[in-house]
Amino acid sequence: MLGSSGAVGQELLRLLEERSFPIRELRLLASQRSAGTSQVWKGSMCKVEEVSEASFQDVDIVLASAGGSVSRKWREVIHSAGALMIDNSSAFRMDVDVPLVVPEVNPQAAFKHQGLIANPNCTTILLSLVLGPLAKCVPIKRVIVSTYQSASGAGARAMEELKKHSQEVLNGALPKSEVLPYSLAFNLFLHNSPLQANGYCEEEMKMVNETRKIMDLPNLRFTATCVRVPILRAHSESVNIEFEKSFPVEEARQVLSNSPGLKLIENFETNRFPMPCDVNGRDQVAIGRIRQDISDKNSLELWLCGDQIRKGAALNAIQIAELLVPKL
Ligand SMILES: NC(=O)c1ccc[n+]([C@@H]2O[C@H](COP(=O)([O-])OP(=O)(O)OC[C@H]3O[C@@H](n4cnc5c(N)ncnc54)[C@H](OP(=O)(O)O)[C@@H]3O)[C@@H](O)[C@H]2O)c1
């Protein structure tokens, strides 16, 4: 595991144990910073090693979550060692020879790998669990999404910063940001990824391009606005989907209620719909408030919340590995 000390790495460790993933030997790899520290795996302490060329010898699968530049640096070494790399970074997601896989939506893509499979962007994974089953019933014309993304999406240090800043604000102090560009405590801001020439940020364009690739809909009309909110963990999304023809709400609700990875939380009488706290540490993505768009007869509105470190990253990566383990 490359990046074992990070937010995604820690979740990968928990999930490998929880799902009894078949492992003969587990290697925990990180940078010099965490080398020599230990992490608990199945009740025993495991030493974290600094990644080196020798790290990948006799390895079957590398779960990488150490960022794009680290994945780029080690790709060839991992490939030469004959290991399959499942990469959480965005480095290779749009490469034509690299499958981008959400096991509930396009599992068949995983089997076409050439030694590397990319795990999609977290908000994209959560959304595709909804778009995939709906598109099988009625073709989708256009998607408009706004995201409400937690601090954990920016890694373990961003979570610590939000906790620290919240305490500081409550104590009347002015927090100083070191990890995120602005303080998230009692605040929100548009996603901090680099802006593109078209005025969209990188995170928004990842959603556009990756959704098209996963769904195999290269011309899908898609627009996104991504926002960071002062939530520690779990992302939320407000989603508007326009279909080729009308999709009755009750039918869509039935489809989504019976789709893998989703859980309906919906009580219109009590105004109770998914909240980030419903999904913290949970595998399923919560959906609700499925309703007819009053401004367009062929569109539906819905709301979702999902633990993006889990289903949006670690769980999805392990599910990909589980698809392939029998073939390794
Ligand atoms: N957080 C999420 O919700 C999420 C969701 C989907 C995808 N991702 C992607 O997953 C990746 C990791 O995200 P994260 O949130 O887990 O980040 P993180 O909490 O900052 O952890 C980064 C990990 O990478 C290791 N690392 C950093 N530089 C390294 C180097 N030069 N060599 C070896 N290891 C190095 C770190 O080790 P040290 O402890 O030694 O620094 C740490 O284990 C990123 O590409 C991110 O975009 C994250």
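1. A word on terms to begin with: domain bounds here come from an automatic or database domain assignment. For this chain, that assignment gives domain 1 (7-119 + 313-327) and domain 2 (124-308). Please keep in mind that this is a predicted model, in which local features need pLDDT of at least 70, side-chain atom pairs count only at pLDDT 80 or more, and totals for chains, interfaces and linings use all residues. Residues are numbered from 1 along each chain as its sequence is written.

2. The C-alpha centres of domain 1 and domain 2 lie 25 Å apart. Across the boundary, 12 residues of domain 1 are in contact with 17 residues of domain 2, where contact requires C-beta atoms, placed from the backbone, to lie within 7 Å. On the domain 1 side of this boundary, α9 (310-324) provides the largest share, 3 residues. Helices (H or I, at least four residues) and strands (E, at least two) are DSSP runs, numbered from the N terminus.

3. Next, the ligand. It is surrounded by 29 residues, and the closest are Gly3, Gly6, Ser31, Ala66 and Gly155; a residue is near a molecule if its C-beta atom, placed from the backbone, lies within 6 Å of it. The elements giving two or more residues to this shell are α1 (7-18), α2 (68-80), α5 (156-170) and α9 (310-324). The largest share, 3 residues, comes from α1. By type, the shell around the ligand holds 10 nonpolar, 17 polar and 2 charged residues. Both domain 1 and domain 2 take part, with at least three residues drawn from each.

4. Helix α4 deserves a look. This helix, residues 122-137, bends by about 35° at serine 128, the bend being the angle between axes fitted to the seven residues ending there and the seven starting there. Of the 16 residues of α4, 13 are buried, so the helix is largely enclosed by the rest of the structure. For burial, the count is of other C-beta atoms within 10 Å of a residue's own, all placed from the backbone: 20 or more makes it buried, 12 or fewer exposed, and anything in between partly exposed.

5. Now for the strands β1 to β3. Strand β1 (residues 28-30) runs parallel to β3, joined by 3 bridges; two strands pair if DSSP finds at least two bridges between them. Here leucine 28 stands opposite valine 48 in β3. Strand β2 (residues 38-41) pairs with β3 in the antiparallel sense over 4 bridges, and glutamine 39 has cysteine 46 as its bridge partner in β3. The hairpin of β2 and β3 has 2 residues between the strands, and lysine 42 takes a positive phi near 50° there.

6. The loop between β3 (44-50) and β4 (61-64) holds aspartate 58, and glutamate 53 lies in that loop too. Aspartate 58 has a positive phi of about 60° although it is not a glycine. Most residues other than glycine have a negative phi. Aspartate 58 counts as exposed, with 11 C-beta neighbours inside 10 Å. Glutamate 53 is also exposed, with 10 other C-beta atoms within 10 Å. The C-alpha atoms of glutamate 53 and isoleucine 78 are separated by 8.4 Å, although these residues are 25 apart along the chain.

7. Phenylalanine 186 is another one to check by eye. This residue sits in the loop between α5 and β8 (189-190), and its phi is positive, near 55°. Phenylalanine 186 counts as exposed, having 11 C-beta neighbours inside 10 Å. Leaving aside neighbours within four places in sequence, phenylalanine 186 is in contact with Val169 and Pro230.

8. Last, the strands β11 to β13. Strand β11 (residues 262-264) is joined to strand β12 (residues 285-292) by 3 bridges, and the two run parallel. Lysine 263 stands opposite alanine 286 in β12. On the β13 side, alanine 286 has cysteine 305 as its bridge partner. β12 and strand β13 (residues 299-306) run antiparallel, joined by 5 bridges, and form a hairpin with 6 residues between them.

Technical notes:
Ala, Val, Leu, Ile, Met, Phe, Trp, Tyr, Cys and Pro count as nonpolar, Asp, Glu, Lys and Arg as charged, and the others, Gly among them, as polar. Two residues are in contact if their C-beta atoms, placed from the backbone, lie within 7 Å.
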